[in-house]
Amino acid sequence: MVTLRTLSIWLAIALCSTTASAQVWERVVLPGQFAQGYYLDVFFLPSNPQYGWACGFNGYVVRTTNGGASWQGSVVPFNGRAGGHLESVHFVDQLNGYASGPCGVFRSTDGGVTWTDVTPTFPNEAPWGCYFLSATTGVVLGGGCVGSQNFFRTTNGGQSWSLFQ
């Protein structure tokens, strides 16, 4: 998990060439209201690192399509739950992805421009992490440090969920 600073995101961008590999840190300024608060997760597509997303508090998800040179933001429809706290963002391609945290689970089919609430009914603790194999198949994890851990699986993009503990 990465904690990112207020007013900017510090990105570790691995620059690979055929002869060497290096890491460079760049300061990126976020647009408008998205330039405040904290971001808790960053994800870049392994197949095309020009596409990346970060999520955090207030339901904020920011996205880039040019390797972090510029960013745009959106807000998931968290309806006041847990202050919009998001802890995980994962995309399977340039269009299909999920964000999750104590405020719920949200799906995007347009690259993170808009989001749909697909939150399953959690028995105890709120969700935190997510991982998807495809646009429709994946898991959301929940539970606290004490007690049961909840693993929700969907094969239809969050229309229904199976609970495993």
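Modeller: Both faces of β5 are covered: Tyr 60, Val 62 and Thr 64 are buried on one side, and Val 61 and Arg 63 are buried on the other. Buried means under 20% relative accessible area, exposed means over 50%, and partly exposed lies in between, with a 1.4 Å probe and protein chains only. That puts five of the five residues of β5 in the buried class. In a regular strand the side chains alternate between the two faces of the sheet. Strands here are DSSP runs of E with at least two residues, helices are runs of H or I with at least four, and both are numbered from the N terminus.

This is a predicted model, in which local features need pLDDT of at least 70 and side-chain atom pairs count only at pLDDT 80 or more, while totals for chains, interfaces and linings use all residues. Residues are numbered from 1 along each chain as its sequence is written, and side-chain values use heavy atoms, with hydrogens and water left out.

β5 pairs with β4 in the antiparallel sense over four bridges; two strands count as paired if DSSP finds at least two bridges between them. One of the bridges joins Gly 52 to Thr 64 in β5. β5 also pairs with β6, again antiparallel and over four bridges, and there Val 61 stands opposite Ser 74 in β6. Strands of a sheet pair through backbone hydrogen bonds, either parallel or antiparallel.

The hairpin of β4 and β5 has three residues between the strands. Asn 58 lies in this loop, between β4 (52–56) and β5 (60–64). Its phi is positive, about 65°, although Asn 58 is not a glycine. With a relative accessible area of 35%, Asn 58 is partly exposed.

Asn 79 sits in the loop between β6 (72–75) and β7. Asn 79 has a positive phi of about 50° and is not a glycine either. Its relative accessibility is 64%, so Asn 79 counts as exposed.

Four strands form an open sheet in the order β7-β8-β9-β10, with antiparallel pairing. Its edge strands are β7 (88–91) and β10 (116–117), each of which pairs on one side only. β7 pairs with β8 (residues 97–101) in the antiparallel sense over four bridges, and Val 89 has Ala 99 in β8 as its bridge partner.
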